[in-house]
Amino acid sequence: MRRRESEFDRDIAALLAARAFIEIRHLAGSTRHESAASPEETLERIRFLANLGHNLPGVARPRPATPSRAGTGPGSWEQATAARPMTGVWSTAGPKGQAWILRHIGQEGRTWTPPPPLPERRKGLSPMTLRQRAGFLLGRWPVKTPVGRQPLPVEANVLKALDTETVCSLYDEARRLRLGLGGGGPWLRAHLDPDGVHYLLPNPASYYWPGTPISDGEIGWWQCTALLRMRDGEQVSGMVAVLPEAFTALPSTLPRRQQLRLAHRARSTERDAYLWGRDHKAECAPEFCGYVPEAADKNSY
């Protein structure tokens with residue numbers, strides 16, 4: 001049954017991708033002649049269809065599933081989309097997009113059951129796979145080199161414990177240097193446990209591996225996973241780009257066994273600072289956490 005649902009989702013994705021492209025082509029042509037809609041309305045409709053449809057070809061004809069980080073097991077979102085490939089598209093389409101999807105499926109005379117919502121990101125650890133457990137027991141560092149890439153230097157195979165001020169300074173530097181991974185700004189500083197201990201390890205995804213070509217050269221920083229303790233005590237994950245010399249200069253004080261245990265925790269924590277902030281938003285107020293939103297940093301996380 002699950003296999004049939006998966007295959008039907010892929011057929012539906014192919015159908016919807018074709019319908020989206022046909023409508024976009026019609027709308028693009030309509031700007032050259034009389035149309036009831038204004039050019040701005042036409043462009044907005046094209047943008048809506050492009051946003052709705054840009055993942056559909058990948059759902060219809062997926063590439064072989066490979067994790068972005070070697071040595072990690074599938075998370076709850078990955079498991080959900082493997083069972084129902086349309087889960088991500090449906091869950092992010094919104095009411096307008098979902099109505100468009102159902103209308104076009106109905107026009108084809110098909111009956112389709114929408115997938116359940118994406119699961120909430122787990123709080124705490126994801127369970128270890130057998131391979132991860134064996135690697136931990138044997139003392140193997142969990143960050144693996146992607147095929148065809150050079151391994152990280154030995155000084156990157158370390159997890160470091162940091163105080164809140166140091167973590168915030170690394171995020172601030174990533175934002176100042178426009179490395180693309182960081183930010184947080186005043187929001188992060190206000191919502192981390194001021195007396196908490198946080199952890200950081202270089203843990204690049206394959207597409208952020210050092211040496212990967214980018215527009216102005218190649219990646220020369222390390223994508224690091226952070227295990228952050230928030231002001232309510234919850235530990236969540238984060239990502240920040242750190243220059244190799246900046247990471248190397250940080251003191252290393254933890255025994256190796258403890259580093260291995262915490263590295264697994266950091267890599268296996270699905271819930272991140274963004275989701276924590278979303279759930280915290282209703283009670284976020286200056287009198288509670290001391291954070292006053294400003295236009296410049298309102299959406300910094």
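Apart from residues up to four places away in sequence, Gln 259 touches Trp 141, Val 158, Leu 159, Ser 252 and Leu 254, where contact means heavy atoms within 4.5 Å. The structure is a predicted model, in which local features need pLDDT of at least 70, side-chain atom pairs count only at pLDDT 80 or more, and totals for chains, interfaces and linings use all residues. Residues are numbered from 1 along each chain as its sequence is written, and side-chain values use heavy atoms, with hydrogens and water left out.

Gln 259 belongs to helix α11 (residues 256-268); helices (H or I, at least four residues) and strands (E, at least two) are DSSP runs numbered from the N terminus. With a relative accessibility of 5%, Gln 259 counts as buried, the classes being buried under 20% relative accessible area, exposed over 50% and partly exposed in between (1.4 Å probe, protein chains only). A polar atom of the Gln 259 side chain lies 3.1 Å from the backbone nitrogen of Leu 159.

In the chain as a whole, the secondary structure comprises 13 helices and six strands. Of the 301 residues of the chain, 41% count as buried. Among contacts between residues at least 6 apart in sequence, 76% join residues at least 24 apart.

Five aromatic pairs are found in a search of the whole structure. One of them, formed by Trp 90 and Trp 112, is edge-to-face, at 5.5 Å centre to centre and with 75° between the planes. Rings of Phe, Tyr and Trp (its six-membered ring) pair if their centres lie within 6.5 Å, and planes under 30 degrees apart count as stacked, over 60 as edge-to-face and the rest as tilted. Trp 90 lies in helix α5 (residues 87-92) and Trp 112 in the loop between α6 (94-107) and α7 (130-137), so the pair ties together parts that are 22 residues apart in sequence. Trp 90 is buried at a relative accessible area of 11%, and Trp 112 is buried at 9%.

The rings of Trp 222 and Phe 247 are also edge-to-face, because their planes stand at 65°, with the centres 5.9 Å apart. Since Trp 222 lies in strand β5 (residues 222-229) and Phe 247 in helix α10 (residues 244-249), this pair ties together parts that are 25 residues apart in sequence. Trp 222 is buried, at 5% relative accessibility, as is Phe 247, at 0%. Tyr 207, Tyr 208 and Trp 221 form one aromatic cluster.

The structure holds one cavity of 30 Å³ or more. A cavity is a set of points, on a 1 Å grid over the protein atoms alone, where a 1.4 Å probe fits but cannot get out, and lining residues have an atom within 4 Å of a point. Grid points are joined across faces, edges and corners, and a volume is the space filled by probe spheres set on the points. The largest cavity contains about 30 Å³ of space and is lined by Leu 170, Glu 173, Ala 174, Leu 177, Leu 179, Ala 241, Val 242 and Leu 243. At least two lining residues come from each of α8 (164-176) and β6 (235-242), and α8 gives the most, with three residues.

Beyond residues up to four places away in sequence, Leu 243 touches Glu 173, Leu 177, Leu 179 and Trp 221. The C-alpha atoms of Leu 243 and Trp 221 are separated by 4.6 Å, although these residues are 22 residues apart along the chain.

Conventions. On a 1 Å grid over the protein atoms alone, a cavity is a set of points where a 1.4 Å probe fits but cannot get out, and a pocket is an open set with protein on both sides within 12 Å along at least five of seven lines; lining residues have an atom within 4 Å of a point. A polar contact is a pair of N or O atoms within 3.5 Å; within protein, one must be able to donate a hydrogen and the other to accept it, and residues adjacent in sequence count only if both atoms are side-chain atoms.
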